[in-house]
Amino acid sequence: HLKSYLESMFAAYDAEVSPFRSTEIRNWALRFLLDMLHDARDGGRRLTQTILDVQDVIEERLFEQKPLLAELAELMGLSESRFKQRFKAEVGIAPGNYITQRKIEKARELLSASDVDITNLAFDLGFSSSQYFATTFRRYVGVTPSAYRKQCKA
């Protein structure tokens, strides 16, 4: 659509001189700039509805079980490898990393807002052990879950 804005801007420029010509050119230029800013804020990515649906499934299942990539690929009607490629192309990170990132974000919310037991939280989020959860949490956040909770309470 950015290309169409430029084409419209040039067409207005090449058109006969009229009282509205400069206003029309400014209008197309403003639309162009606003869309560029919007795209820049989104990292230039626009997610398809299918990827948005996959993200919804991931959100719904953060506490149930780790959404299996094969199951998500089937939801999109793609092979698992093609699904991983498409997800990464649209979202910017691999689906496994996205799932882990969302789990850590959910853990941060719960650690700061409640007194939930860290070990139970780890298992609820599908981590195989509280140690693995703590290691992963530290990698993403920079501190352990208990240190994060202390920081939030301070």
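pLDDT is the predictor's confidence in each residue, from 0 to 100.

**View 1. Confidence across the predicted protein chain.** The mean pLDDT of the chain is 85. Of its residues, 92% reach 70 or more. Confidence is lowest in helix α2 (residues 21-41), with a mean of 78. Helix α8 (residues 130-141) has the highest, at 94. Helices (H or I, at least four residues) are DSSP runs, numbered from the N terminus. Where pLDDT is low, the predicted coordinates should not be read in detail. In this predicted model, local features need pLDDT of at least 70 and side-chain atom pairs count only at pLDDT 80 or more, while totals for chains, interfaces and linings use all residues. Residues are numbered from 1 along each chain as its sequence is written, and side-chain values use heavy atoms, with hydrogens and water left out.

**View 2. Helix α3 against helix α6.** Helix α3 (residues 49-60) and helix α6 (residues 95-113) pack at an angle of about 45 degrees. Their axes are 10 Å apart. Axes are lines fitted to C-alpha atoms, for helices over the stretch in contact, and angles run from 0 to 180 degrees between N-to-C directions. The angle makes α3 oblique to α6. Angles under 35 degrees count as roughly parallel, over 145 as roughly antiparallel, 65 to 115 as roughly perpendicular and the rest as oblique. The crossing of α3 and α6 is right-handed; in such a crossing the near helix is turned clockwise from the far one by less than a right angle. From α3, Q55, I58 and E59 meet Y98, I99 and R102 of α6. Contact means heavy atoms within 4.5 Å. The residues of this contact divide into 3 nonpolar, 1 polar and 2 charged. Ala, Val, Leu, Ile, Met, Phe, Trp, Tyr, Cys and Pro count as nonpolar, Asp, Glu, Lys and Arg as charged, and the others, Gly among them, as polar.

**View 3. L47 in the loop between α2 and α3.** L47 counts as partly exposed, because its relative accessibility is 33%. Buried means under 20% relative accessible area, exposed over 50%, partly exposed in between (1.4 Å probe, protein chains only). Leaving aside neighbours within four places in sequence, L47 is in contact with L52, Q55, E90 and V91. L121 is 74 residues from L47 along the chain, and their C-alpha atoms are separated by 30 Å.

**View 4. Helix α6 against helix α9.** α6 packs with helix α9 (residues 145-153) at about 50 degrees, axes 8 Å apart. That makes α6 oblique to α9. Their crossing is right-handed. R108, L110, L111 and S112 in α6 meet P145, Y148, R149 and C152 in α9. The contact residues divide into 5 nonpolar, 1 polar and 2 charged.

Terms used
Helix = DSSP H or I, 4+ residues; strand = E, 2+ residues; numbered from the N terminus.
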